Structures are given as C-alpha cells and as structure tokens.
Amino acid sequence: MERLERVLEALSELALRLARGELDEAAHDRLVERVCAGLSAEERVRLGLTPTPAPVVSPRPSSGVRLGPSGPPTRVVSLAELELGPGTVLFEQWRLERELGRGGFGVVFEATELHLKRVQAVKILDPTMVRREELLERFRREVAVMRDLVHRRIVRVYDYREDPNQGLALISMEFVRGCALRDVVVAAKDRKKEITVFFAL
C-alpha cells in the first residue's frame, strides 16, 4: 500500500505542475506513464486511473442546462460526458460562452458572470480529478493562496465552487484577452526573430 501512496502523491504533484503551467500536456502524459509503469490493472483501478463501470449513469447535460448542487451521488462522468459548451449555466452563476483551451487538468471557458454581468474565465476541473479527495484538497489550498495574490502581472482568482456529487469543481478568474504562448513562439520562429521579454515590475 505504501507503494501506491507514493504513486498517488507523484500523480498529484504532476497534476498540480500541469495546472501551474510548469509542464505541457505531452510532458505530463509521459511522466504519468513513467510513474505508473509496472502497476497492475487492479492497482490502476484503486488509484482511479481506470474508470470502473457502475449501473447508475449521470444524465448527460446539454447546452443550456443548469449544473450545480445535486442529489445523491452518481458515478463519476468524464469531462467529455458533461458536454459543456456555449449556453451551459454552472451553479446558476456562470454562463459559458466559448472554450478557450483544455489540458490534462480540465478545460477553460470564457463565461459571463450572471449576477455582475462581467466576463470572466472559468476553469472546470476534470471530474476524474474531483473524485480524488486528496487532490481536490490540494487544489483548494492552491486556490486559497492564489486568491490572496494581487499583482498586475498575475491573473486574479475570484471564486471557487464545487459539487463532488456531479464531479464538478471550478474556479472563476479574471479574463485577459491575448494569445497563446505557443502562437508567440511560432510567430517568432517564422520570422526568425528572438522573443523579447520585458519585466516591468
């Protein structure tokens, strides 16, 4: 059991590094495979790496559906099964407008905060992460730290909501218009120019 605990700790750390942008998806996936090498199918199931079938299936929400506090626990659905998209309302507070990007940790949407009528970015965790309490607890602690960080070069974190029964957890953040770093790198390569970085603190 001690071996599985070490593997679980390593996987949690990799997930957090991915969420912080220290790893890209490909590197994260390679390291996960390295950490899990040699695990049996039973051990993978015990770590939550392989979905276990269950007779109860959560309804598959579609655009416009309201997701939020729910009834009795159901089996954990995958991120794809949630069918999140434009028009979906989460916790009766955020209406998703368009997807901005996704990775191994979840998906980020541009969203409208319905009470304040403000555009925000909403990061929705993959439900397979939400069902792992130890990882969810570490994520909560990280969100608490991020909420206290205020700097013009740091994206503000506004709110955190979760409903483990539906496998839902999200954070709402400041929406910053811009482009992906990979686009900057590609453009620099195409023009054969260096990327200049300015640190104006």
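Glu99 counts as partly exposed, since its relative accessibility is 37%, where buried means under 20% relative accessible area, exposed over 50%, and partly exposed in between (1.4 Å probe, protein chains only). Arg102, at 46% relative accessibility, likewise counts as partly exposed, and Glu99 forms a salt bridge with Arg102 in which the closest N and O atoms are 2.9 Å apart; a salt bridge here is a side-chain nitrogen of Lys or Arg within 4 Å of a carboxyl oxygen of Asp or Glu. Side chains of opposite charge can pair when their charged atoms come close.

This is a predicted model, in which local features need pLDDT of at least 70 and side-chain atom pairs count only at pLDDT 80 or more, while totals for chains, interfaces and linings use all residues. Residues are numbered from 1 along each chain as its sequence is written, and side-chain values use heavy atoms, with hydrogens and water left out.

A search of the whole structure finds 8 salt bridges, and one of them joins Arg140 to Glu133, with 3.0 Å between the closest N and O atoms. Arg140 is partly exposed at a relative accessible area of 22%, and Glu133 is partly exposed at 45%.

Arg141 and Glu137 also meet through their side chains in a salt bridge, at 4.0 Å from N to O. These two residues lie 4 residues apart in helix H5 (residues 133-147), so about one helical turn separates Arg141 from Glu137, helices being DSSP runs (H or I, at least four residues) numbered from the N terminus. Through salt bridges that share partners, Glu133, Glu137, Arg140, Arg141 and Glu162 are joined into one network.
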